[in-house]
Amino acid sequence: MVKNIAVIRGDGIGPEIVNEALKVLDRVAELYGHTFRYTDVDMGGCAIDKYGDPLPESELKKCVESDSVLLGAVGGSKWNDLPGSMRPEKGLLRLRAGMGVYSNNRPAKIWPQLSDASPLKKSIVEQGIDFIIVRELIGGIYFGEHKTEGDTAIDVLKYNENEIERIGRIGFETAQKRNKRLCSVEKSNVLDSSRLWKKVMHRLAGEYPDVELSDMLVDNCAMQIVKNPAQFDVIVTENMFGDILSDEASMITGSIGMIPSSSLGASSCGLYEPIHGSAPDIAGQDKANPIGTILSAAMMLRFSFDMRAEADAVENAVSAYLDAGWRTADIMSEGGKLVGCRRCGELIIENIKRGRE
Ligand code: IPM
Ligand code: MG
């Protein structure tokens, strides 16, 4: 197959981690006879420096016209003092909205090889951590009106039933493919938007009788994720709650550097990115963990290109790399063999094998 992939390296460690993921994709292409064509897209701080705009229309167009987008990370202190509408993150938000990718899928799964890296007690980790956060990605407070007037700042949180319904359906469908338990997370004891959220989820539940729906307030959920993560199968939640809970969920699996994500809308053209940021403090030092990006590329193969054997081959290669004891600094523990970003990529590539299909 021939696929056109828009590649956003971004800022900070973005270029380093994306390089390793592209090498992995090249190896997959070679082994399985595919052609991946890459188109570079400028977004974030680097685009502000070049064009004075975090995502010019021409760059967004390249993404929308691609078969999928692979993104490293954007942002950094250099651009922190710019007004909100000009910040690197605004490029990412415009990209998500411009691509219409309303459904963000963030797995929190502990690799058995990394159980020591989790900050949770062994007795909790042993019960298993394997759940998915389905986060609404193009609505809510991120996309409401933002304004500052004198000493007052306003951010509007707004959802309509359609926006809730389409992400709710993804939550139910994701649960149907797993252990059939869906936890809808909101703040219905305080927010109108959450009361609407809860109402729509319960209306939808009638259409998915095989899925067990539960409700949880977001503050309680934050606590339950560290107290008893094994209780969760699929969590569905609004944009900002999902942002916060997914960082928390990633950390209990050992490192935020390991977690990929997919964002999809109505078409198969998706946006794939690790959930961590641009880590300017370690940028350019060959210290970053590229696995979150490599696994995001694997998700692209699986969800947008329907290349399941290829995605399995990449995930198995990551597992074999961890089995062999290699560790980047973020997941280093006693007995591990320390490697940098480039070497990590090389070792994973060496482990990619074409298995039986
Ligand atoms: C994420 C990030 C972004 C978000 C930022 C960079 C805008 O934290 O993908 O989780 O808040 O969505
Ligand atoms: Mg975040």
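What follows is a conversation about how several terms are applied to this predicted model.

Trainee: Why is Ser-250 called buried?

Mentor: Ser-250 has a relative accessibility of 1%, and since buried means under 20% relative accessible area, the residue counts as buried. Ser-250 sits in helix 9, residues 239-252, and, leaving aside residues up to four places away in sequence, it touches Ser-255, Ile-256, Ile-259 and Ile-275.

Trainee: What makes the approach of the side chain of Ser-250 to the backbone oxygen of Asp-247 a polar contact?

Mentor: A polar atom of the Ser-250 side chain lies 2.7 Å from that backbone oxygen, and a polar contact asks for N or O atoms within 3.5 Å, one able to donate a hydrogen and the other to accept it.

Trainee: Why is Ile-235 called buried?

Mentor: Its relative accessible area is 0%, and the cut-off for buried is under 20%, so Ile-235 is classed as buried. Ile-235 lies in strand 10, and its contacts, not counting residues up to four places away in sequence, include Phe-131, Ile-133, Leu-182, Val-185, Cys-221 and Ile-225.

Trainee: What is the strand order of the open sheet, and which strands are at its edges?

Mentor: The open sheet has 10 strands in the order 2-1-3-12-11-4-5-10-8-9, with mixed pairing. Strand 2 (35-40) and strand 9 (212-217) are called edge strands because each pairs on one side only, where pairing requires at least two bridges between two strands. Neighbouring strands of the sheet are turned by 25° against each other on average, with direction ignored.

Trainee: How do you know that strand 3 and strand 12 pair?

Mentor: Strand 3 (residues 68-73) and strand 12 (residues 270-272) are joined by 3 bridges in the parallel sense, and because at least two bridges are needed, they count as paired. Ser-68, for instance, has Gly-270 in strand 12 as its bridge partner. Helix 10 (residues 291-304) lies across several strands, including strand 3 and strand 12, and runs at about 165° to strand 3.

Trainee: In which sense do strand 8 and strand 9 pair, and what is the handedness of the crossover between them?

Mentor: Strand 8 and strand 9 pair in the parallel sense over 6 bridges, and Cys-183 has Ser-214 in strand 9 as its bridge partner. The chain crosses from strand 8 through helix 7 (residues 192-205) to strand 9, and this β-α-β crossover is right-handed, a term that applies because the path from the first strand over the helix to the second runs clockwise when the strands point away from the viewer.

Trainee: What makes strand 6 and strand 7 a pair?

Mentor: Strand 6 (residues 146-149) and strand 7 (residues 152-155) share 4 bridges in the antiparallel sense, and as the requirement is at least two, the strands count as paired. Lys-147 stands opposite Ile-154 in strand 7, and in this hairpin, with 2 residues between the strands, Gly-150 takes a positive phi near 60°.

Methods: Residues are numbered from 1 along each chain as its sequence is written. Chains are lettered from A and ligands numbered from 1 in the order in which they are written. This is a predicted model: local features need pLDDT of at least 70, side-chain atom pairs count only at pLDDT 80 or more; totals for chains, interfaces and linings use all residues. Side-chain values use heavy atoms; hydrogens and water are left out. Buried means under 20% relative accessible area, exposed over 50%, partly exposed in between (1.4 Å probe, protein chains only). Contact means heavy atoms within 4.5 Å. Axes are lines fitted to C-alpha atoms, for helices over the stretch in contact, and angles run from 0 to 180 degrees between N-to-C directions.
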